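Please load the model in the viewer and keep the selection panel at hand.

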Amino acid sequence: TADRTRLRRRTVRALVLGVALGSTGHIAALTVAVIVAREISGDASLAGTPAAAVVFGAAVGAAGLAWVMTRRGRRAGLALGYAVGVVGALIAVAAIVAGSLLLLLFGSLLIGVANSSNQLSRYTAADLFPADRRASAIGTVVWASTVGAVIGPNLVDPSGRVAVALGLPALAGPYLVPIVLVGLACVGSFVFLRPDPYELADASSVITADDAAAAPLAEIIRRPAVIGAVVALVAGQFVMVLIMTMTPLHMDDHGHGLGAVGFVISAHTFGMFALAPISGWLTDRYGCVRVIYAGCAVLATAAVWSAVAPPDSETILAGALFLLGFGWNLGFVAGSTMLTGGVSLTERTRVQGITDALIWSTAATASLGSGVLVASAGYTALGVLGAVIVIIPVTLITARRRRIQDHLQPPAFEPVGD
């Protein structure tokens with residue numbers, strides 16, 4: 001037992017390190033993707049295509065890597081995702097040298113697959129713990145993305161100088177970062193996730209000989225806790241991306257400089273990741289449903305706040321975007337935890353991959369749709385729509401709350417120690 005406890009702790013540390021390295025490389029490349037696309041194509045309307053390719057790659061990767069995990073284990077899936085991301089970064093560097101937008105988009109799609117490994121790592125950590133500690137494990141791994149959010153953008157300039165020293169275009173520099181850091185995440189996952197996290201899973205997650213075979217995916221999705229978690233995760237992602245994507249443009253239209261934009265987005269990313277351990281503790285203490293309700297309330301508040309905020313006040317906008325990030329985080333951690341309850345380990349991996357694919361597809365839709373909505377109705381409309389959308393998961397979960405509570409293991413809803 002002591003040896004398994006030690007191995008589980010080492011596994012969590014390896015997952016945190018992998019996410020920290022992977023997110024840093026991912027964000028460093030994504031920071032300059034818009035500029036690179038515009039430089040290569042000469043068309044500002046195509047500037048957002050690499051970011052869309054990354055998001056689409058994450059959606060495809062989530063489903064594909066989950067399929068690999070059910071057959072080869074968590075370790076193989078995570079390492080493969082990171083390895084694909086390294087290949088994508090190499091292709092992106094070649095695309096910049098050759099001036100090929102098509103090649104850049106293909107490389108960006110593969111970089112997105114590596115981000116799937118970052119996201120699926122939270123579920124890997126959850127498998128290691130009983131129901132009343134899963135949320136804290138998820139929160140710890142999600143927190144690791146804070147490293148990438150803080151360090152990634154700051155590596156753009158030094159990596160550009162390194163690229164020039166190597167005889168490459170300066171804009172290729174940020175794509176060298178994932179080659180190194182995502183490569184380290186791949187090696188670390190392959191070396192340190194031994195034995196496979198499936199073998200270290202908590203007894204509540206282990207499949208025994210008496211367990212029934214995994215149910216069809218359509219049946220799993222219809223379970224009250226699963227559909228509630230999926231809707232909460234997708235709605236939260238949609239609202240967050242819908243407003244966040246257009247905020248820099250909204251600020252630029254009202255005369256804010258890049259420093260002010262950076263300050264507001266930094267507040268947003270801080271809310272998204274830095275407080276994840278608090279979200280995990282709250283979920284373990286008070287249960288998934290209550291924290292999802294809280295996350296929806298914070299998201300609605302942030303949406304309305306951003307809609308009515310004076311456009312000339314960066315401080316008020318920063319407060320709204322911080323709450324937008326924190327509300328997303330509450331729902332993300334609690335929803336991810338709810339998704340681990342009431343399903344076997346094999347079922348869990350399949351539905352987690354599909355859910356993350358839906359999340360990232362939603363992000364792409366919200367990102368593209370936000371521009372259309374702003375152009376036709378203005379930035380305020382984003383906030384109003386966001387506040388309306390959060391009603392959907394609240395209504396669904398409220399209607400099925402008793403069935404959800406019966407479906408999940410009791411510790412996920414009863415305060416620890418009561």
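**First stop: helix α7**

Select D157 and R161: both residues lie in helix α7 (residues 156-165), four residues apart, about one turn of the helix. Helices here (H or I, at least four residues) and strands (E, at least two) are DSSP runs, numbered from the N terminus. D157 forms a salt bridge with R161, with 2.4 Å between the closest N and O atoms. A salt bridge is a side-chain nitrogen of Lys or Arg within 4 Å of a carboxyl oxygen of Asp or Glu. R161 is exposed, its relative accessible area being 53%. Buried denotes under 20% relative accessible area, exposed over 50%, and partly exposed in between (1.4 Å probe, protein chains only).

The model is predicted: local features need pLDDT of at least 70 and side-chain atom pairs count only at pLDDT 80 or more, while totals for chains, interfaces and linings use all residues. Residues are numbered from 1 along each chain as its sequence is written, and side-chain values use heavy atoms, with hydrogens and water left out.

**Second stop: the whole chain**

The secondary structure comprises 18 helices and zero strands. The radius of gyration is 21 Å, close to the 22 Å that the globule rule gives for 418 residues, so the protein is as compact as a globular protein of that length. This radius is taken over C-alpha atoms, and the globule rule is 2.2 Å times the number of residues to the power 0.38. Along its principal axes, the C-alpha trace spans about 60 × 50 × 35 Å.

Of the 418 residues, 55% count as buried. The accessible surface comes to about 16600 Å², of which 67% belongs to carbon and sulfur atoms; accessible areas come from the Shrake-Rupley method with a 1.4 Å probe, and for residues only the protein chains shown count as cover. Among contacts (heavy atoms within 4.5 Å) with a separation of 6 or more, 85% are between residues 24 or more positions apart.

How many salt bridges does the count give? The count comes to four salt bridges.

Select D3 and R6 next. Their side chains meet in a salt bridge of 2.6 Å, N to O. Both residues lie in helix α1 (residues 2-41), three residues apart, about one turn of the helix. D3 is partly exposed at 43% relative accessibility, and R6 is partly exposed at 45%.

Now select D127 and R74, whose side chains meet in a salt bridge of 2.9 Å, N to O. D127 lies in the loop between α4 (101-126) and α5 (134-143) and R74 in helix α3 (residues 74-98), so the pair ties together parts that are 53 residues apart in sequence. Are these two residues buried or exposed? D127 counts as buried at 1% relative accessibility, and R74 is buried at 0%.

Select S336 in helix α14 (residues 314-339). S336 counts as buried, with 0% relative accessibility. Its side chain reaches the backbone oxygen of F332 at 2.6 Å; a polar contact is a pair of N or O atoms within 3.5 Å, where within protein one must be able to donate a hydrogen and the other to accept it, and residues adjacent in sequence count only if both atoms are side-chain atoms. Not counting residues up to four places away in sequence, S336 touches R122, Y123, I138, L233 and G331.

Move on to I138, in helix α5. I138 also counts as buried, at 0% relative accessibility. Leaving aside neighbours within four places in sequence, I138 is in contact with R122, A126, V333, S336 and T337. For a distance check, draw a line from I138 to A300: their C-alpha atoms are separated by 24 Å, and the residues are 162 apart along the chain.

Select T247 in helix α10 (residues 224-253). T247 is buried, with a relative accessible area of 0%. Its side chain reaches the backbone oxygen of I243 at 2.8 Å. Beyond its neighbours within four places in sequence, T247 is in contact with V264, L321 and Y379.

**Last stop: a surface patch**

Select V187, F190, V191 and F192. These residues form a nonpolar patch on the surface, with about 360 Å² of accessible area together. Patches are made of residues with over 30% relative accessible area and no salt bridge: like charges are joined within 9 Å, and nonpolar side chains (Val, Leu, Ile, Met, Phe, Trp, Tyr) within 5 Å. F192 lies in helix α8 (residues 173-192) and is partly exposed, with a relative accessible area of 41%.
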